[in-house]
Amino acid sequence: MGVTKTEIFTEEQNRVADLAKAFSHPARVAILQLLIARQSCVCGDLVDELELAQATVSQHLKELKRIGIIHGEINPPRVCYCINPVVWEEAQKTFGALLSTYALTTSCCN
């Protein structure tokens, strides 16, 4: 398997790609939607709600936490996750700025 060569891109480009990864799988989108709706959540509840295996939910939570868009509080035996408002705002600004760079006036590929 080849190397991704992320080092040839700017820090900003890598961060945009990282933030986009949070929304790149329907299970992660569903997790984010549940956390937004509940304002906090317990991993077990997510498993019941999503009807996915515990290991699958855990992998998605791990990736969302790595990106920073969620954070967790450990109270054994449970871990409560919630949206990280600082990173959520960063994502809103980042995608807003990126999407606004293209003017929907004409298309070069008609």
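Predicted model: local features only at pLDDT ≥ 70, side-chain atom pairs only at ≥ 80, totals over all residues.
Local features need pLDDT of at least 70, side-chain atom pairs count only at pLDDT 80 or more, and totals for chains, interfaces and linings use all residues. Residues are numbered from 1 along each chain as its sequence is written, and side-chain values use heavy atoms, without hydrogens and water.

Start with the fold. The protein chain has five helices and three strands (DSSP runs: H or I of at least four residues, E of at least two). From the N terminus, the order is α-α-β-α-α-β-β-α. The C-alpha trace spans about 55 × 35 × 25 Å along its principal axes. Buried residues (under 20% relative accessible area, 1.4 Å probe, protein chains only; exposed is over 50%, partly exposed in between) make up 29% of the 110 residues.

Now the rings. The structure holds two aromatic pairs (ring centres within 6.5 Å, using the six-membered ring of Trp; planes under 30 degrees apart are stacked, over 60 edge-to-face, the rest tilted). Phe23 and Phe95 pair edge-to-face, at 6.1 Å centre to centre and 80° between the planes. Phe23 sits in the loop between α1 (11-22) and α2 (26-38), while Phe95 lies in helix α5 (residues 85-99), 72 residues apart. Phe23 counts as partly exposed because its relative accessibility is 33%. Ring pairs join Phe23, Trp88 and Phe95 into a cluster.

Finally, turn to helix α2, which holds Arg28. Arg28 is buried yet has no salt bridge (a side-chain nitrogen of Lys or Arg within 4 Å of a carboxyl oxygen of Asp or Glu). Glu63, the nearest side chain of opposite charge, is 6.0 Å away (Lys and Arg count as positive, Asp and Glu as negative; His and the chain ends are not counted).
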